Amino acid sequence: EAIQTQSYGPEARGGASKADVMISDSSIDYPKVLSADILLAMSQEACNKYVGMLKKDGILIVDTTYVKAIPEIENKVYSLDITLKAKETFGSTVSANIIALGALVGITGIVTKESLLEAVLDRVPKGTEANNQKALEIGWSMTHQ
């Protein structure tokens, strides 16, 4: 079972917008995350606002391009230059989300690399497949060096 919800307001560019993804072997009764196994923070505001939702044994992934003050927590923390890598590689930050997705799957193994690639390529605009595949590979390689 899987469900995704989102709350994007005017803060979506650089603020504390939020998307919840729940994956379970059983039925999902409530569509919002109350206690997170994984938190991917791509802005300082989002990190500050949502880090308290992280379970004690959860994983925090931060984009150090924008998250400069990493909270002192006992959780496993991955500090990755996600947006910087997108800008260096593609000349734009547009691919940062796909790089982040590759890193998240590289860290967690929640789905296979192959199924992730298939799902992403099925949803991206025609003509962007090669860049999106490269972005996934960059994210994956950031966690497998």
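Predicted model: local features only at pLDDT ≥ 70, side-chain atom pairs only at ≥ 80, totals over all residues.

Q: Which strands stand at the edges, each with a single partner strand?
A: Three strands form an open sheet, paired in parallel, in the order β3-β4-β5. The twist from one strand to the next averages 10°. One side of each edge strand is left without a neighbour in the sheet, because each has a single partner strand. Those edge strands are β3 (36-41) and β5.

Q: Is T65 buried, partly exposed or exposed?
A: T65 sits in the loop between β4 and β5 (76-80). Buried requires under 20% relative accessible area, and exposed requires over 50%. T65 has 22% relative accessibility, so T65 counts as partly exposed.

Q: What distance is the polar contact that joins the side chains of T65 and D63?
A: Leaving out residues up to four places away in sequence, T65 touches L80, D81, I82, T83 and L84. The C-alpha atoms of T65 and A41, which are 24 residues apart along the chain, are separated by 11 Å. The side chains of T65 and D63 are joined by a polar contact of 2.8 Å.

Q: Which element gives the largest share of the largest nonpolar core?
A: This core has 21 residues, and I61, L80, I82, I99 and V120 touch the most other members. Two or more residues each come from β4 (54-63), α2 (82-90), α3 (96-108), α4 (113-123) and α5 (129-143). The largest share is eight residues, and the element that gives them is α3.

Q: At what angle do α4 and α5 pack?
A: From α4, the contact is made by K113, L116, L117, V120 and L121; from α5, by E129, N132, Q133, L136, E137 and W140. The crossing of these helices, α4 and α5, is right-handed. Their axes lie 10 Å apart, and α4 and α5 pack at an angle of about 145°.

Conventions. Residues numbered from 1 in each chain as written. Heavy atoms only, no water. Core = buried A, V, L, I, M, F, W, Y, C linked by side-chain atoms within 4.5 Å. Buried < 20%, exposed > 50% of the residue type's maximum accessible area, 1.4 Å probe, protein only. Helix = DSSP H or I, 4+ residues; strand = E, 2+ residues; numbered from the N terminus. Contact = heavy atoms within 4.5 Å. Polar contact = N/O pair within 3.5 Å; in protein donor to acceptor, adjacent residues only side chain to side chain. Pairing = 2+ DSSP bridges. Axes fitted to C-alpha atoms, helices over the stretch in contact; angles between N-to-C directions. Left-handed = near helix turned anticlockwise from the far one by under 90°.
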